[in-house]
Amino acid sequence: MQQSSLLTSNHTESYYAATANTTALRNRLESDIEVDVCVVGAGFSGLSSALHLAELGYKVVVVESSRVGWGASGRNGGQIVNGFSRDLIEIEGRYGADAAKAIGEMALTGGDIIRQRIEKYNIKCDLKSGNVFAAFTPKQMKGLEAMCGNWQKHGHDQLEMLGVDQIREHINTDRYIGGLLDRKGGHLHPLNLCQGEAAAFESLGGIIFEQSSVTGIQPLNDRQMVKTAQGSVTANKVVVCGNAYLGNVVPEIANKIMPVSTQIITTEVLGKSLCQRLMPGQTCVEDTNYMLDYYRMTADHRLLFGGGSTYGGAEPSSIVNKLRPHLEKTFPELKGIGIDFAWSGNFALTMTRIPHFGQIGENVFFIHGYSGHGVTATHLAGKLIAQAIEGQPEQFNHFSDLPYYPLPGGRLFRVPLSVIGSWWYIARDKLGV
Ligand SMILES: Cc1cc2nc3c(=O)[nH]c(=O)nc-3n(C[C@H](O)[C@H](O)[C@H](O)COP(=O)(O)OP(=O)(O)OC[C@H]3O[C@@H](n4cnc5c(N)ncnc54)[C@H](O)[C@@H]3O)c2cc1C
């Protein structure tokens with residue numbers, strides 16, 4: 001998606017936008033104001049940071065190009081998947097046992113923050129517990145067993161390995177040979193969570209400007225000035241949370257991530273009894289393929305089914321044609337089912353699939369690159385940013401100190417090189433090895 005499409009008062013035409021709790025539009029930034037902290041972007045990263053900071057008593061402004069939750073946060077699968085896009089085993093292998101321990105201790109924090117906020121601020125967002133990682137092959141099962149053992153080592157005690165019969169108690173399909181159930185995972189309506197967090201932030205005196213694209217950030221004495229077309233915010237600290245949609249606004253971080261698109265379709269209403277028969281456990285599911293399917297039932301009894309990814313952020317010519325075969329293979333009973341919604345969104349990929357947190361000088365922080373698993377990690381990131389701004393950067397530094405690996409090929413060739421690299425993994429999915 002291009003930067004020019006950002007400045008809009010419309011959400012993408014998703015199931016979430018059609019069932020949002022509110023459609024009220026906020027003001028544009030049309031003056032010059034001064035605050036403690038300016039947050040760029042009103043997705044989960046920005047809102048989580050802003051709310052943590054407002055709870056600590058900071059005067060905070062959020063500046064958003066489009067609408068609260070317009071980006072990945074308001075259009076994702078809504079799956080609360082604990083941990084990070086790369087498993088702790090791989091984190092340990094790449095960065096060592098100390099880093100894995102420090103990061104492993106935070107693997108459940110994001111999900112806990114979400115649940116606490118839903119309760120504290122009474123956010124209506126259809127929260128349900130439980131997520132299942134589903135395996136097609138013995139090799140994938142072995143991987144899940146290793147992941148389960150390793151998570152338990154880090155104190156996660158809500159996990160259960162599922163055999164071939166047990167997984168069918170959750171998902172009524174013969175596609176899988178087993179899986180891993182995480183009872184501390186779950187799913188929700190992400191746009192309504194964004195809106196609820198935005199309202200909570202505003203209830204504490206925070207201000208959000210919508211339809212206000214940040215065009216640049218520049219030092220002003222020992223502060224920073226964040227500029228939009230019609231106004232500016234001067235702040236002691238800036239938190240950049242534009243993630244896959246930021247483009248080149250902050251050149252220091254523009255090349256550190258790659259936008260990747262993924263798509264979702266939502267069926268017509270299936271009704272309660274069919275939903276319960278197809279997914280008796282009412283969990284959400286993601287399979288363990290490289291090009292994975294992820295799906296769940298909605299509160300109004302539809303199947304919301306996502307999958308695939310395209311490096312660079314392009315959209316397929318027909319989202320329905322791309323995803324329908326996967327949906328029907330999973331649930332043959334739904335062959336020919338009506339599709340009411342189809343949309344695409346971009347997440348930000350890092351080379352290591354570990355989120356990338358850092359600082360540009362003393363006063364500008366950035367958090368991005370959740371690599372497709374950001375619902376929980378964004379909420380953790382917001383907490384760590386707030387701690388760092390409070391002068392307690394230890395946990396933030398566990399991430400920001402990790403060595404950074406650039407995407408191969410630089411800005412020009414990172415997309416084609418990543419596509420070539422992915423062929424190997426896609427071929428493995430197809431061969432089932
Ligand atoms: C289709 C899809 C499905 C997904 N499913 C899941 C899932 O089920 N579970 C999971 O854990 N993760 C999932 N993800 C990933 C997850 O949604 C993201 O990692 C997460 O939402 C990132 O949040 P964010 O706030 O960093 O970025 P975003 O939500 O993209 O927010 C960035 C915001 O910054 C704004 N912005 C950008 N540039 C500027 C600027 N110059 N000025 C002002 N504002 C600006 C944008 O308008 C946008 O609102 C999915 C992603 C997609 C796209």
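Predicted model: local features only at pLDDT ≥ 70, side-chain atom pairs only at ≥ 80, totals over all residues.

User: What radius of gyration does the protein have, and what would a compact globule have?
Analyst: Along its principal axes, the C-alpha trace spans about 65 × 45 × 45 Å. A compact globule with 433 residues would have a radius of gyration near 22 Å, and the value for this protein agrees with that: 21 Å.

User: What percentage of the residues count as buried?
Analyst: To count as buried, a residue needs 20 or more other C-beta atoms within 10 Å of its own. Of the 433 residues of the protein, the share that passes is 49%.

User: Which residues touch the most other members of the largest nonpolar core?
Analyst: This core holds 116 residues, and its largest share, nine residues, comes from α12. The core residues that touch the most other members are Cys38, Val63 and Ile385.

User: Which residues are the closest to the ligand?
Analyst: The ligand is surrounded by 45 residues. By class, this shell has 19 nonpolar, 24 polar and two charged residues. The closest are Gly41, Gly43, Gly71, Gly77 and Gly374.

User: Which helices and strands each supply at least two residues of the shell around the ligand?
Analyst: Let's go along the chain by residue number. Residues 44-55, 258-267, 339-349 and 375-389 mark out the elements in question. In that order, they are α2, β11, β15 and α12.

User: Is β11 mostly covered or mostly uncovered?
Analyst: Look at the two ways its residues point. Met258, Val260, Thr262, Ile264 and Thr266 point one way, while Pro259, Ser261, Gln263, Ile265 and Thr267 point the other way, and all are buried. With ten of its ten residues buried, β11 is mostly covered.

User: How many bridges join β11 to β15, and how many pair β11 with β14?
Analyst: Both pairings are antiparallel. On one side of the story, Thr267 stands opposite Ile339 in β15; for the other pairing, Gln263 stands opposite Gly307 in β14. The bridges number ten for β15 and six for β14.

User: Where is Gln282 found, and what is its phi?
Analyst: Gln282 sits in the loop between α10 and β12. It counts as partly exposed because it has 15 C-beta neighbours inside 10 Å. Although Gln282 is not a glycine, its phi is positive, at about 55°.

User: Is Arg353 buried or partly exposed?
Analyst: Arg353 lies in the loop between β15 and β16, and its phi is near 65°, a positive value in a residue other than glycine. A residue would need 20 or more other C-beta atoms within 10 Å to be buried. Arg353 has 17, so it is partly exposed.

User: How far apart in space are Arg115 and Asn346?
Analyst: Arg115 lies in helix α5 and is partly exposed, with 16 other C-beta atoms within 10 Å. In sequence, Arg115 and Asn346 are 231 residues apart. From C-alpha to C-alpha, their separation in space is 25 Å.

Terms used. Residues numbered from 1 in each chain as written. Near = placed C-beta within 6 Å. Helix = DSSP H or I, 4+ residues; strand = E, 2+ residues; numbered from the N terminus. Nonpolar A, V, L, I, M, F, W, Y, C, P; charged D, E, K, R; others polar. Buried ≥ 20, exposed ≤ 12 C-beta atoms within 10 Å, placed from the backbone. Pairing = 2+ DSSP bridges. Rg over C-alpha atoms; globule rule 2.2 N^0.38 Å. Core = buried A, V, L, I, M, F, W, Y, C linked by C-beta atoms within 7 Å.
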